[in-house]
Amino acid sequence: MPTPVDILKKYWGHDAFRPMQLEIIQAALDGKDTLALLPTGGGKSVCFQIPALLQPGICIVISPLIALMKDQVDNLTKRGIPAITVNSTMSFREIDIALDNCVYGDTKFLYLSPERLGTEIVRERIKKMKVNLLAVDEAHCISQWGHDFRPSYLQIAEIREWIPKVPVLALTASATEETVIDIQEQLLFKKKYVLRQSFYRENLAYVVRYENNKLTKLLEICQSIPGTGLVYVRNRRATKQIADHLIRNKISANYYHAGLTNIERAAIQSRWLENKTRIIVCTNAFGMGIDKPDVRFVVHMDLPDSPEAYFQEAGRAGRDGQRAFAALLYADNDAKEAQSKFEKSYPPIAEIKRIYKALTSYFRVAEESGNGATFDFDLNHFCDYYKLDAVVTFSALKLLEKEGYIVLTDAVYQPSRLFVTINHGALYNFQVQNPKVDTFIKTLLRLYGGLFEHYVNIKEADIARSLKIKIDNVIDGLRNLQKQGILDYVKATDKPQIIYTRPAVSEQNLSLYENYHKLKLAAEKRLTALLNYTQNKNACRSVMLLEYFGETTTQPCGHCDYCQANKAAPVEPIAEVTEKILSIIEEANPRPADLPALLAATEPTLIKNILKTLLDDGHIALSPEWKLYLTD
């Protein structure tokens, strides 16, 4: 029987796991309900993918991000692992066929958006599946104390009633101690069990700079630190303005936000990943699911949404273990702007009700109807039509989402899809009886395999090129065949969507009080913690961040702006530190990441350099479990 390392080698080409991955995988294989806390870049997806591949059956993965699900399914498929996603952008027929493949086919991974859990078709099919693991990604979304609470996540507990013997593996990169407790309770853990990798990043220097002229400081950072970088800003307009400023100063840069087309976003991302563009100026739409190890710095020009968001975004620097920097530029008026943004994020309840009423009118959804209905949504058009403030409206919609009335999805490109709805014989008879479309149909069958089994991604431009006709003629031909019941054609879209997750109610019956104040209180606590991080000049930045996430025994990092300004500790002799390291390895076989805490008075960089020398010289080695041992 293959081992976890065998599967890792076969599909991912690696010989050893990252810290904590093997323990998490083993817990899942042992059937334990487990909450795994790994920092950004810690390799969370492998932790549920490998145990699922080692066992018969299918793994159900719950994730709130359609783009991330699509990316993971694409990556698994490229490795020859059958995986599908079911999300809000799919038609009923698409979902029906996909779920059938999970019940009767060889699919190993089913990625579900959480709002799909409330639909009858998904509930009934899950009961028929042979499930080996339930993975909950971004698990903090299930907690009202988490920074991105989603009520649809609360339905996950119901799945456990249908598959009572299946363990749950919950994963997140950022959770306070309060959230950690809540996640386990909401997911009905049989026994509380948390595997936590320290969020301490010895190679990442956190820096806060008080700068009223942020552009000048940004230029200084870009000119003094070599390598690729990310610059986070609050709004789309600023991404282009700052990227243009960098370009004018001879720095390779581009900008990225959700308002760009899918083709534009893909091209910008690709050039950065290939080091053809040095710096991306972006909103928080960029970075999720992107694993670029050699990012040397991340700069925040504005205050992020929360300590959790900052930790995740800053953590995209230095994933290769080399020295990197996370700089937050803070000006005098930033606190006022953050407070104003907070207030707009929680508009008066009367305003939220008014926006909800406008939404039901906009989509012509009658009271007591619309449950499960999905609509493409243009926020700007909606706000212009009803004369609404865009920021307040977006905040109101997100609060309505957190109250469980709707879901507002991110803008994600979905290619056009095609599925032949009749069998081979019936299609042949149709072609004989309709010779004018015979060549058209034959071209579809020649270009795309599997059209009778499942929905297949297509490109109208490729069909037009093959038939030497215009794209509009291809679309007309596909729609005509759809009207005749020959196939189902779903046209490409990259618009966000509104999904009604319960029947529409009147403005008077819209109940918001239960969660509104609790969510506002939790957000206010996060804002207070964030402002304390930026304004406190008397503590190590790393210590402040880690204490926020419940790590209270961490020593000062030695390389943040506070530690550098207050550095006075003498440098220990290399021979003495080497002796200490060898002694610890002989007694305890620690992981490399454990040594800074075990040698708290020693500079982490010195420890790292000595370890590298000992490994290069063959005096020590790493086990498959990523533990150090003596070879002499």
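**Exercise 1.** Determine which backbone oxygen the side chain of arginine 417 reaches, and state whether arginine 417 is buried or exposed.

*Solution.* The side chain of arginine 417 reaches the backbone oxygen of proline 415 at 3.0 Å, a polar contact being a pair of N or O atoms within 3.5 Å, of which, within protein, one must be able to donate a hydrogen and the other to accept it, while residues adjacent in sequence count only if both atoms are side-chain atoms. The model is predicted, so local features need pLDDT of at least 70 and side-chain atom pairs count only at pLDDT 80 or more, whereas totals for chains, interfaces and linings use all residues. Residues are numbered from 1 along each chain as its sequence is written, and side-chain values use heavy atoms, with hydrogens and water left out. Arginine 417 has a relative accessible area of 4% and is buried (under 20%; exposed is over 50%, partly exposed in between, with a 1.4 Å probe and protein chains only).

**Exercise 2.** Classify the ring pair of tryptophan 272 and phenylalanine 286, and then that of tyrosine 310 and tyrosine 533.

*Solution.* Rings of Phe, Tyr and Trp (its six-membered ring) pair if their centres lie within 6.5 Å, with planes under 30 degrees apart counted as stacked, over 60 as edge-to-face and the rest as tilted; by this rule there are 25 aromatic pairs. For tryptophan 272 and phenylalanine 286 the centres are 5.4 Å apart and the planes stand at 75°, so the pair is edge-to-face. Both of these residues, tryptophan 272 and phenylalanine 286, are buried. Tyrosine 310 and tyrosine 533, at 5.6 Å centre to centre and 50° between the planes, form a tilted pair.
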